[in-house]
Amino acid sequence: MVFHLGCLWRLNEAGLLGKLKRISSVSGGSITSAVLGLAWDSLQFNNGRSDRLDEAVIQPVREMARHTIDESAVLEGLLLPGTVSERVSKQYDNVLFHGKTLQQLPAEPRFVINSTNVQSGVLMRFSRPYMRDYRVGQVLNPQLPVAIAVAASSAFPPILSPCQIDLTAYGVKLEPAGGEDLAQEPYTTKLVLSDGGVYDNLGLETIWKRYTKLLVSDGGGHYKPEPEPHHDWARHSIRVLDLIDSQVRALRTRQVMTLFEDNKRTGAFWSIRQDIKTYGENPNLPCPMAHTTELAATPTRLQKMDDVLQQRLINWGYAICDAALRKYLDTTAPAPQFPYPAVGV
């Protein structure tokens with residue numbers, strides 16, 4: 001969530017942010033993406049740049065990062081009526097989204113918030129024109145609250161997953177558009193969803209078939225080797241989930257890099273876990289690998305984050321995005337400077 005703020009900052013400076021045609025997100029990245037989408041029409045882009053990005057997007061997401069959400073959501077979900085994901089979505093709504101629905105995302109560019117449908121085993125896509133599972137059906141012009149879509153996309157397993165949505169509460173159900181093999185109840189009315197990264201860790205499926213230039217930002221965590229893995233079912237299950245997540249991420253990364261290498265797509269890929277020297281030296285933005293590795297190990301939690309750590313993560317997202325852009329797309333971009341130069345990375 002916070003790492004991507006730095007990436008948006010640099011894309012904005014480079015005049016690319018306002019020229020994007022589709023923004024596809026999963027997991028914690030969907031929090032940042034949804035804030036950007038709801039603020040889009042107020043950003044007043046000029047030649048692809050906005051002077052309002054900090055106040056309209058950066059600061060609201062940073063305020064979100066000052067709250068611990070997961071602990072109270074889990075405890076209340078275990079002890080009180082309702083689910084963990086319901087409490088997470090309420091917190092999202094209270095801090096960020098304030099009752100806004102998918103219909104308040106912009107018509108252009110299209111923002112797609114991706115979740116994994118645990119029932120059908122494929123993506124559930126939330127956007128302004130529709131929410132859709134290609135095996136079940138779609139709802140056109142959905143009035144679903146953005147907070148619920150983001151809660152579904154960021155339902156990190158096993159603690160915050162699943163996110164359950166009863167579509168009958170909104171007076172709708174998924175309607176077949178033709179060819180769906182699961183267009184029947186309960187698939188069409190009762191959704192059981194998990195983190196979008198379970199199925200598509202980089203949110204690529206909704207863009208790479210339609211667009212020739214891709215900018216891919218990977219802010220996800222990475223598992224560490226464990227010489228003596230835990231044997232109890234709870235911690236062992238978490239370890240196995242981490243390994244599965246790493247496998248999905250590696251496969252998606254190889255797919256997009258192969259597209260670039262085979263000249264089937266142009267664009268750039270960057271990751272929170274990379275060594276910035278992969279792209280060459282940049283004395284203006286020193287990013288020692290020891291520091292950036294520490295940042296990449298920041299737990300994927302909805303947990304209060306102090307301002308200095310936020311600033312360091314934003315600086316790191318900015319720097320690695322800048323390095324990838326300069327290497328593969330635009331060597332004439334304005335000279336980079338850390339958003340928060342006093343803290344570096």
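Axes are lines fitted to C-alpha atoms, for helices over the stretch in contact, and angles run from 0 to 180 degrees between N-to-C directions. Helices (H or I, at least four residues) and strands (E, at least two) are DSSP runs, numbered from the N terminus.

This is a predicted model: local features need pLDDT of at least 70, side-chain atom pairs count only at pLDDT 80 or more, and totals for chains, interfaces and linings use all residues. Residues are numbered from 1 along each chain as its sequence is written, and side-chain values use heavy atoms, with hydrogens and water left out.

**Exercise 1. Describe how α2 packs against α5.**

Step 1. Two packed helices are described by the angle between their axes and the distance between the axes. For α2 and α5, the angle is about 40° and the axes are 12 Å apart.

Step 2. Classify the angle. Under 35 degrees counts as roughly parallel, over 145 as roughly antiparallel, 65 to 115 as roughly perpendicular, and the rest as oblique. α2 and α5 are therefore oblique to each other.

Step 3. Find the hand. A crossing is left-handed if the near helix is turned anticlockwise from the far one by less than a right angle, and right-handed if clockwise. The crossing of α2 and α5 is right-handed.

Step 4. List the contacts (heavy atoms within 4.5 Å). From α2 come Ile-31, Ala-34, Val-35 and Leu-38. They meet Tyr-92, Leu-96 and Phe-97 of α5.

Step 5. Sort by class. Ala, Val, Leu, Ile, Met, Phe, Trp, Tyr, Cys and Pro count as nonpolar, Asp, Glu, Lys and Arg as charged, and the others, Gly among them, as polar. The contact of α2 with α5 has seven nonpolar, no polar and no charged residues.

**Exercise 2. How many salt bridges does the structure hold? Work through three of them.**

Step 1. Side chains of opposite charge can pair when their charged atoms come close. A salt bridge is a side-chain nitrogen of Lys or Arg within 4 Å of a carboxyl oxygen of Asp or Glu. The structure holds twelve.

Step 2. Start in helix α1 (residues 3-13), where Glu-13 and Arg-10 lie three residues apart, about one turn of the helix. Their side chains meet in a salt bridge (2.5 Å, N to O). Now check exposure: buried means under 20% relative accessible area, exposed over 50%, partly exposed in between (1.4 Å probe, protein chains only). Glu-13 is partly exposed at 26%, whereas Arg-10 is buried at 1%. Both belong to a network of salt bridges that also links Asp-322 and Arg-326.

Step 3. Next, Arg-66 and Asp-307 form a salt bridge (2.9 Å, N to O). This pair links distant parts of the chain, 241 residues apart. Arg-66 is in the loop between α3 (53-64) and α4 (70-79), and Asp-307 is in helix α9 (residues 307-328). Arg-66 is partly exposed at 28%. Asp-307 is partly exposed at 35%.

Step 4. Last, Arg-125 pairs with Glu-205, the closest N and O atoms being 3.4 Å apart. Arg-125 sits in strand β3 (residues 123-126) and Glu-205 in the loop between β7 (190-195) and β8 (213-218), 80 residues apart. Both Arg-125 and Glu-205 are buried.
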